[in-house]
Amino acid sequence: MGFFDKIKKAFTGGKEPELTESAEKMDKGLAKTRKSFSDIMNEFMANFRTVDEEFFENLEEALITADVGFETALRISDELRQEVKLKKAKKPEEVQQAIIQKLVEIYEAQGMEENNELNLQEEGLTVMLFVGVNGVGKTTSIGKLANQYREEGKKVLMAAADTFRAGAIDQLVVWGERAGVEVVRGKAGGDPAAVVYDAIERAKEEKADILLVDTAGRLQNKVNLMKELEKIKRVIQREIPEAPHEVLLVVDATTGQNAMVQAKQFKETTDVTGLVLTKLDGTAKGGMVLAIRNELHLPVKLVGLGEGIDDLQAFDPNEFIYGLFKDLLTPTGDLPEIATTLEEPTEMEASAEVEEEEAEIEDSQTQEDE
Ligand SMILES: Nc1nc2c(ncn2[C@@H]2O[C@H](COP(=O)(O)OP(=O)(O)OP(=O)(O)O)[C@@H](O)[C@H]2O)c(=O)[nH]1
Ligand SMILES: [Mg+2]
């Protein structure tokens, strides 16, 4: 499936109606991130004269500024150097489309095997461990997620295993009240692994569906932090061998490459199963999502789009890419139509659209051949 089709599909074909609402939310939440990405690309394009060596150098620089990652930036400009279509392009819009298309192509290719869904057990307890440095949004994300699952009718428990930072336990308790979810807690300064043990026992007794474990973002030092996480994991595994079902690393998207460095460090020491990317409603540059996939090879599973209880969403790769690039895609005349088609098309409309597109593609191919 081609570039436009894929993005289009996220917004039209084959989805449940309620996802349209989430697409809209993602779209709104990403407004600042999108603007910051578009600004960088627009500034780059404003200096466009011809596709020469300087062009590629500036492109690399712009992409790095947009947080797509160093390797990805180089790869994109290298691949674009080979593109005949780009060399022939005279109009800035054509050049811009070629760049975005390449970004999406690589992103798609790298995501073939990626599973962005949370590993929820159909039977019995699902344990999710949240890790990450201080202030990234672990506790907030847990509170939001607990609320979502509780709303879905699941029995949820939270474990306050950040016993290090003063106030951390109370903060989770406040979220528990908001979400209507019970918090298993111990003493401040106590052993976090003991809290987790208690929480698992309780979850078993109460036949809970989901246990969300909050952990400390900072200890005396990094080694201690990693050791503590290991200990927590061992305690969980002793009780439930196949758990934790998710070890979610929370990173703050506004910190760009710093977040990438943190993720690499955690990945080396802990078996991270996925990422929660928070604060995408802020001025994150969004390109990070490409760097995460292309260079880190960890699936993003959840995104934080605000401080409110409803501002956490499942990560949909297509929705996200559309949300990030849509301002840059309009010049082709191919996408404005999508922007207004947030509603589900009827089956007939959808198939008519596909036929139309196929005809268009054939047309353009015949034209190229001529
Ligand atoms: N705008 C915005 N703010 C967020 C988001 N997620 C978390 N925050 C804010 O980030 C700040 C830190 O969040 P916490 O949940 O306390 O972070 P933490 O990782 O638990 O931090 P420590 O407990 O210190 O390790 C809070 O002010 C949150 O409201 C988000 O998606 N968007
Ligand atoms: Mg916290």
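The model is predicted: local features need pLDDT of at least 70, side-chain atom pairs count only at pLDDT 80 or more, and totals for chains, interfaces and linings use all residues. Residues are numbered from 1 along each chain as its sequence is written, while chains are lettered from A and ligands numbered from 1 in the order in which they are written.

The protein has 16 helices and 8 strands, where helices (H or I, at least four residues) and strands (E, at least two) are DSSP runs numbered from the N terminus. Of its 370 residues, 43% are buried. A residue is buried if 20 or more other C-beta atoms lie within 10 Å of its own, exposed if 12 or fewer, and partly exposed in between, with C-beta atoms placed from the backbone. Two residues are in contact if their C-beta atoms, placed in that way, lie within 7 Å. Among contacts between residues at least 6 apart in sequence, 76% join residues at least 24 apart.

In soluble globular proteins, nonpolar side chains tend to be buried together. Here the largest nonpolar core has 99 residues, and those with the most contacts inside it are Leu157, Met158, Ala159, Val196, Leu211, Leu212 and Val213. Such a core is a set of buried Ala, Val, Leu, Ile, Met, Phe, Trp, Tyr and Cys residues joined through C-beta atoms within 7 Å. Domain 1 (15–119 + 245–332) and domain 2 (139–208 + 216–237) both contribute residues, so the core lies between them; the domain bounds come from an automatic or database domain assignment. Residues up to four places away in sequence aside, Val213 touches Val127, Met128, Leu129, Phe130, Ala159, Ala161 and Val196.

Where does ligand 1 lie relative to domain 1 and domain 2? Both domains give residues to the shell around ligand 1, so it lies between them. The shell has 22 residues, the closest being Gly137, Thr139, Thr140, Gly217 and Gly304; a residue counts as near if its C-beta atom, placed from the backbone, lies within 6 Å of the molecule. Helix H8 (residues 138–151) supplies the largest share, 3 residues. By class, the shell has 4 nonpolar, 11 polar and 7 charged residues. Ala, Val, Leu, Ile, Met, Phe, Trp, Tyr, Cys and Pro count as nonpolar, Asp, Glu, Lys and Arg as charged, and the others, Gly among them, as polar.

An unreviewed UniProt entry annotates residues 299–312 as "domain: SRP54-type proteins GTP-binding"; such annotations may be inferred rather than shown by experiment. This span is 0% helix and 43% strand, and its end C-alpha atoms lie 16 Å apart. Lys301 lies in strand E7 (residues 300–304). Lys301 counts as buried because 21 other C-beta atoms lie within 10 Å. Beyond four places in sequence, its contacts are Asn116, Leu118, Leu248, Gly274, Leu275, Val276 and Phe315. Lys301 and Leu248 are 53 residues apart in sequence and 8.3 Å apart in space, C-alpha to C-alpha.

Pro244 is in the loop between helix H11 (222–239) and strand E5 (246–252), and the peptide bond from Ala243 to Pro244 is cis, with omega near -5°. Lys207, not a glycine, has a positive phi of about 55° and sits in the loop between helix H10 (192–205) and strand E4 (210–215). Lys207 is exposed because it has 9 C-beta neighbours inside 10 Å. His297 has a positive phi near 55° and belongs to the loop between helix H13 (288–296) and E7. With 12 C-beta neighbours inside 10 Å, His297 also counts as exposed.
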